[in-house]
Amino acid sequence: MRDVAVIGIGCTNFGEVWESSFRDLFVTAGALALEDAGLSGETIDAMYVGNMSAGRFIEQEHIGALIADYAGLTTTHIPSTRVEAACASGGLAFRQAVIAVASGMEDIVVAAGVEKMTDVEPGASTDALTGAADREWEGFIGATFPGLYAMIATDYMNRYPLTREDLALVPVKNHKNGANNPIAQFRQEITVDTVLNSTLVADPLRLFDCSPITDGAAAVIVAPLERAREFTDTPIKILATAQASDTIALHDRRDISTLDATIAAGERAFRMARVEHKDIDLVEVHDCFSIAEICAIEDLGFCRKGEAGWFTREGETQIGGKIPVNTSGGLKSCGHPVGATGIKQVCEVVQQLRGEAGKRQVNGAKIGMTHNVGGTGATVAVHILGV
Amino acid sequence: MSVARFWRKIPQRYNLIGTKCLTCGRYFYPPRTFCPLCRRDGKIVEHEFSGRGKVITFTVIRSSSDQFEHLTPYVLAIIELEEGSRVTAQVVTSPEEIKIGMQVKRIFRKISTDGESGVIHYGTKFTPL
Ligand SMILES: [Zn+2]
């Protein structure tokens, strides 16, 4: 296997971008990534694009071809492939691109992610997202996505010392980071009271525990490490790519409050990268809901099971803490265009390792991790990158 | 959900009919036709569940998709059936009453109405014992 590096990144602004279409979004992200790598389109060998549900959100399938077409790549007829794993679609697209280059099959590969979610009514987007869970035995019964994570939160808070206030500290911290991220959907800081006074969505989760509905796209370009310096002075090496699966339905999990797929993907990634927890300078975790960040930092092994509330309260997940979590603002503040999120996480880690993260920079960051979850934990992708 | 897709599973949804693996003795509801533990050595037969169980975790859904919005707030829970299998279901009780460990039994209820076709879907909910 060859070593692989990220040589370019690009990300649109995240938010309710009513003036931009699905096509506008990915063309913008792709162009930014090419510009960042100093590449022109004809050098691209292949493309993987993460997208969860264009069929439901904009009634368009066949996204691989559409993207190649509007990115102006029809003259070279490159292979362009859509990858779908609900909210982990982006993470899996990135992994496919890395594998394609590592194998020696391709040289310059684009991994992109895109989702246009605000062209449908909120009820319709809620229903589309429920497709990430078990439609027949969860969705049909009346389960919603926030409802499933709420049942994780109920179970967790019944078994471990996590107060409602502790849980609120997760979005408070993520908004604080997102306020310094120019692409973030919500750039204002919030307080614990903002969270506790927001509308109940599914007890005990409130509106400010939930990531928003977002339009956005992100793209990264990967190449063999040995060629990376042709394109950039700051190649970021991929130290590990890992993926794991679990039961589609939450009720079939070994433990309601543990994402075994996170544990499996995390362990595989640490083994592949040959690094330890203390070596990781920052991690982007999948905080689709506040409770998801609590579970993620435990299941990745940054603290013990049941201690994430205390760990968060002590400030260990803030920039300057033991392990800065979600410096981008996370899904909560930066926004969550589901197919694009896994790629955006990679963009954030690359910016941090290049030292280009501005006010949210983790000083001297050398190694970063991404953690992207599909559904309630049925798919997890974990990547470790380093300089 | 399409009429065919729903009707296909009517016995399972109406009467809590799942499956059982004779090789390892595990019960499956929702039904599985392949035992994840025994794999090719598994021997799957139909099994009608007793319908009694207890609440493992729960939430109160305050905001839902179009099909369920009119029911809000409603209680959603993961129920561990007596036989050991777990299932997601609505519990017909108030948000104040529901708690972890509550003993429940199955009841036959309307689950949703399909807005476009007007078809009413029935299935299993649970009620406190
Ligand atoms: Zn068996």
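**Exercise 1.** Determine how many residues of domain 1 of chain B are in contact with how many residues of domain 2 of chain B.

*Solution.* Begin with the bounds, which come from an automatic or database domain assignment: domain 1 of chain B spans 1–48 and domain 2 spans 50–129. With contact taken as heavy atoms within 4.5 Å, 13 residues of domain 1 of chain B touch 16 residues of domain 2 of chain B. Y14(B), L16(B) and Y29(B) then supply 44% of the area that domain 1 buries against domain 2, more than any other three residues, where buried area is the accessible area (1.4 Å probe) that two parts lose on being put together, summed over both. This is a predicted model, in which local features need pLDDT of at least 70, side-chain atom pairs count only at pLDDT 80 or more, and totals for chains, interfaces and linings use all residues. Residues are numbered from 1 along each chain as its sequence is written, chains are lettered from A and ligands numbered from 1 in the order in which they are written, and side-chain values use heavy atoms, with hydrogens and water left out.

**Exercise 2.** Find which residue forms a salt bridge with E48(B).

*Solution.* Apply the rule, a side-chain nitrogen of Lys or Arg within 4 Å of a carboxyl oxygen of Asp or Glu. The partner of E48(B) is R106(B), with the closest N and O atoms 3.7 Å apart. Across the interface of domain 1 and domain 2 of chain B, the rule finds one salt bridge.
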